[in-house]
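Subject: Structure handover

Hello,

Here is the structure you were going to take over, with my notes on it below.

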Amino acid sequence: MPCYLFTFHAYGTWMPDRDEGFVRRERGLMPPNRELADAYRRRATEDRVVLEARIQLLLIEEARIAFGKQRYRGHYIATDPTHVHILASWADDRLWNKIRNGLKSSLTRRLNRDVSRRNRWFVDSASRKRVMDNVHFEVNTYLASHRGWKWREGGEPFQ
């Protein structure tokens, strides 16, 4: 049964000039780069998104609805002002990108309906990490450390 941790970054966040550095696909962690961040900001087509508490709760609610409608199981959701993590698994042979894209579409539609209409709530792609075993599955310590609202399978949202 495939199990993945999906991360959806809010548009305009996680810029290359962060003190912690930034991640480049297939190159890993890179040192902070102010010039690249300035170039990204100049090319931005919309304002930066901040996932405030109300939006975090909407994301959790919509993800929980999507779990049932799109036939997969949600295990944990953790939010932060800059991103949302969703740990999900499914029993059929659908590829991870179908699940991720369906979930991102559901989240975007909900925010457009209940918050405000935007072209981009999230960056184009979302990261994903395959969870390979029960030890890897125990990401709850990492997810629980997030600053925003959280949800655990079988429960209600909590902080």
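A salt bridge here is a side-chain nitrogen of Lys or Arg within 4 Å of a carboxyl oxygen of Asp or Glu. With that criterion, a search of the whole structure gives 15 salt bridges. Please keep in mind that this is a predicted model. I start with the sheet, go on to the helices, and return to the salt bridges at the end.

The sheet

The sheet is open and has 5 strands, in the order S6-S1-S5-S4-S7, with antiparallel pairing. At its edges are strand S6 (127–130) and strand S7 (150–152), each of which pairs on one side only. On average, and ignoring direction, neighbouring strands of this sheet are turned by 15 degrees against each other.

Strand S5 has S1 and S4 as its neighbours in the strand order. S1 and S5 run antiparallel and are joined by 7 bridges; Phe6 has Ile86 in S5 as its bridge partner. S4 and S5 are also antiparallel, paired over 7 bridges, and here Gly74 has Ala88 in S5 as its bridge partner. On the S7 side, strand S4 (residues 73–80) pairs with S7 in the antiparallel sense over 3 bridges, and Ile77 stands opposite Trp151 in S7.

How many residues of S5 are buried? The count is 7 of 7, so S5 is largely enclosed by the rest of the structure. In a regular strand the side chains alternate between the two faces of the sheet. In S5 both faces are covered: one side has His83, His85, Leu87 and Ser89, the other has Val84, Ile86 and Ala88, and all are buried.

The helices

Helix H2 (residues 53–69) lies across S4, strand S5 (83–89) and S7, and runs at about 165 degrees to S4. Helix H3 (residues 96–114) lies across strand S1 (3–9), S5 and S6, and runs at about 40 degrees to S1.

H3 consists of 19 residues and reaches 27 Å from its first C-alpha to its last, close to the 27 Å expected at 1.5 Å a residue. Its buried residues are Ile99, Arg100, Gly102, Leu103, Lys104, Ser106, Leu107, Thr108, Arg110, Leu111 and Asn112. These buried residues pack against S1, H2 and S5.

Asn112 belongs to helix H3. Asn112 has a relative accessibility of 13% and therefore counts as buried, the cut-off for buried being under 20%. Apart from neighbours within four places in sequence, Asn112 is in contact with Arg117, Arg118 and Trp121.

The salt bridges

Side chains of opposite charge can pair when their charged atoms come close. Among the pairs found are the following.

Arg118, one of the contacts of Asn112, meets Glu46 in a salt bridge between side chains (3.7 Å, N to O). This pair links distant parts of the chain, with Arg118 in the loop between H3 and S6 and Glu46 in the loop between H1 and H2, 72 residues apart. Are Arg118 and Glu46 buried or exposed? Both Arg118 and Glu46 are buried.

Asp38 and Arg41 form a salt bridge through their side chains (3.9 Å, N to O). Asp38 and Arg41 are 3 residues apart in helix H1 (residues 34–43), so about one helical turn separates them. Asp38 is partly exposed, with a relative accessible area of 32%, and Arg41 also counts as partly exposed, at 41% relative accessibility.

The side chains of Arg18 and Glu20 meet in a salt bridge too (3.4 Å, N to O). Arg18 counts as partly exposed at 23% relative accessibility, whereas Glu20 counts as exposed at 53%.

Finally, a network of salt bridges links Glu61, Glu62, Arg110, Arg113 and Asp114. Arg110 in this network is also one of the buried residues of H3.

Regards

How values were computed. Residues are numbered from 1 along each chain as its sequence is written. This is a predicted model: local features need pLDDT of at least 70, side-chain atom pairs count only at pLDDT 80 or more; totals for chains, interfaces and linings use all residues. Side-chain values use heavy atoms; hydrogens and water are left out. Two strands pair if DSSP finds at least two bridges between them. Helices (H or I, at least four residues) and strands (E, at least two) are DSSP runs, numbered from the N terminus. Axes are lines fitted to C-alpha atoms, for helices over the stretch in contact, and angles run from 0 to 180 degrees between N-to-C directions. Contact means heavy atoms within 4.5 Å. Buried means under 20% relative accessible area, exposed over 50%, partly exposed in between (1.4 Å probe, protein chains only). The expected span of a helix is 1.5 Å times one less than its number of residues.
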